[in-house]
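The sequence and structure come first.

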Amino acid sequence: MATATTTADAALTDREARNAVTASWTAFKALLLRDMTVLRKNLKEFIPRTVLQPFLLVFVFTYVFPKIGQGIGPTRGAGASNFATLLVAGVVGITILFQGIQSVALPMVQEFGYTKEIEDRVLAPLPVSMVAVAKVASGAIQGLIAALIVFPIAAVVPASPLHLNVSWPVLLTLTPLACISGAALGLTFGTRFEPRTVPIMFGVVVIPLTFLGCVYYSWVALTPIKTAGFSWLKTLVLINPLVYMSEGFRAALTNANHMSLLAVYGALLAFAAAFLYFGINGFKKRVLS
Amino acid sequence: MATAPDATPPSAPVRTEDLTKVFPGGVKAVDTLNLSLQDGEIFGLLGPNGAGKTTTVGMLTTMVVPTSGRAWVGGVDVLAHPALAKQNIGVVPQQNTLDRSLSVWENLYFHGRFFGMSARQARTEADRRLKQFRLADWGSAPVLSLSGGMAQRLMTARAILHEPRILFLDEPTAGLDPQSRLALWEILRELHAAGETILLTTHYMEEADTLCDRVAIMDHGQIRALDTPAELKRRVGADTVVTVTADGDLDQLERLLADEVPGVNEAHRRDGSVQLHVRGSDGLLPRVITAAERGGFNVSDLSVAEPTLETVFITLTGKDLRD
């Protein structure tokens with residue numbers, strides 16, 4: 001035992017200025033740099049895949065519907081304007097969630113499933129868990145970029161004006177938290193699904209998340225949906241992380257009614273921690289045998 | 001270290017102590033492996049598919065977690081300090097693991113950055129290695145446009161870019177055309193001449209024979225013999241391998257030749273022939289033919305060769321090396 005400890009320690013001190021921690025940190029930054037380079041090279045794919053869904057959502061619901069007199073809620077005046085205002089927060093939330101899936105989960109499913117190309121990054125001189133964290137960090141950055149691109153679209157496209165009221169402290173703290181939660185969700189999905197089961201991921205998990213994510217309606221508005229006096233839908237959707245993103249952005253961007261901020265921050269922190277935990281564990285299981 | 005004068009110096013590029021891997025389901029892929037590599041050598045792990053070679057490389061490169069035992073790479077305990085151990089390791093895996101989102105040049109550049117090179121250093125090294133591996137014209141090409149041999153060269157260039165203490169190559173020439181295989185051998189010889197320590201796994205005996213300073217013959221997760229190729233072949237105790245092709249019951253022919261030809265220390269069937277390992281080659285061929293014909297066999301082909309590592313393998317395991 002003593003021999004082994006000596007040899008390991010000897011090597012630790014031999015490594016001049018670069019100890020294991022700085023080497024890990026350098027490698028971590030290089031992994032981010034690699035992902036950002038790939039993002040820059042693929043902007044032609046990134047922008048349409050990021051913009052199209054939110055644009056269509058806003059375009060159909062807040063431009064086409066009011067114009068043709070077919071409505072979700074009132075079709076003109078304050079009601080229509082309120083709906084556009086309500087939707088803008090949800091659209092930012094859904095964009096961040098989708099980015100987590102598109103920039104983290106789907107590439108990872110491919111890399112684990114067929115290409116194995118992640119192996120070189122796993123062999124970089126940092127702990128395997130940090131490779132997973134680097135994936136989340138780069139996914140979060142991409143979520144942030146996506147949100148920045150999508151917000152102006154959601155603000156400009158609607159036929160009636162939006163009533164925005166930005167709370168900067170909330171916006172500046174909630175956005176990174178939402179981006180990290182979304183990317184961590186992507187990591188968990190990316191390590192749990194296989195290429196064969198990706199359609200299930202979309203059909204059975206992602207679609208319900210988006211429809212029941214308080215994107216098109218606020219959470220408090222669900223109160224009247226009751227059975228035997230119990231607001232069951234309002235309770236059920238609480239398991240959906242997108243609810244807290246949408247409601248959080250509602251609080252950050254508008255005066256609309258929203259869930260308590262304490263619940264929003266608490267739940268998003270809990271989701272981020274849980275998804276990171278399951279994601280990192282899943283990543284280790286997929287990488288190491 | 002002074003307490004154990006016979007122990008390998010802590011700086012051995014690779015050392016293992018009773019390294020064992022049992023996969024879930026109870027398959028013992030590597031069984032109490034004890035290895036120690038010397039600086040600057042090309043070391044070959046030779047064995048059939050399923051012998052435990054890839055699992056061994058996996059454990060030494062931190063990708064497979066050992067069930068028991070220990071391993072050090074460049075003096076660093078791979079289990080206790082995997083992130084640190086990875087600094088000493090360059091790996092060319094069996095599969096193409098090039099980053100398809102990046103160009104040929106970028107694959108090298110970012111690998112350098114992962115290992116702590118500055119942007120300028122990584123650029124210089126990427127340029128230099130592309131030239132060295134005759135890929136300079138392909139720098140901006142996507143990696144998917146490379147041929148198998150070129151991809152293998154790029155993976156080798158990538159693996160040594162950070163000047164690892166030891167380079168691991170897992171079945172580096174499996175699936176390569178003969179020309180690419182020769183090109184890779186040439187590269188490995190150049191690296192060897194430059195002092196790089198290399199551990200490669202292979203199931204091609206010629207590869208182990210021509211490239212390796214030392215070879216460990218592996219079967220069922222254990223090392224059956226470990227020495228220089230020349231010494232391994234000498235240990236077989238035969239100087240000639242005779243292959244006899246004939247019609248009729250080959251089992252009977254095998255028994256007959258083993259009994260009647262002097263100096264035979266091993267006889268076995270192979271691909272419709274009988275192979276004999278013989279010591280002392282004086283007047284050997286006439287004796288073989290006479291013995292076979294006396295037994296009523298009609299010899300249609302007869303060939304003589306020197307023992308190879310395959311001969312060694314068959315002697316040790318009673319099995320053929322080929323898949």
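In chain B, 68% of the contacts with a separation of 6 or more are between residues 24 or more positions apart, a contact being heavy atoms within 4.5 Å. The model is predicted: local features need pLDDT of at least 70, side-chain atom pairs count only at pLDDT 80 or more, and totals for chains, interfaces and linings use all residues. Residues are numbered from 1 along each chain as its sequence is written, chains are lettered from A, and side-chain values use heavy atoms, without hydrogens and water.

**Fold of chain B**
- Chain B has 11 helices and 14 strands, taken as DSSP runs (helices H or I, at least four residues; strands E, at least two) and numbered from the N terminus.
- Along the principal axes, its C-alpha atoms fill a box of roughly 75 × 55 × 40 Å.

**Burial and surface**
- Of the 323 residues in chain B, 55% are buried, that is, under 20% relative accessible area with a 1.4 Å probe, protein chains only.
- Chain B exposes about 13,300 Å², and 49% of this comes from carbon and sulfur atoms; the areas come from the Shrake-Rupley method with a 1.4 Å probe.

**Largest pocket**
- The largest pocket has a volume of about 730 Å³, the space filled by probe spheres set on the grid points.
- Among its 35 lining residues, A:E119, A:S289, B:T54, B:M63 and B:V64 are the closest to its centre; lining residues have an atom within 4 Å of a point on a 1 Å grid, and a pocket is an open set of points where a 1.4 Å probe fits, with protein on both sides within 12 Å along at least five of seven lines.
- The largest share of the lining, 5 residues, comes from α1(B).

Conventions:
Buried < 20%, exposed > 50% of the residue type's maximum accessible area, 1.4 Å probe, protein only.
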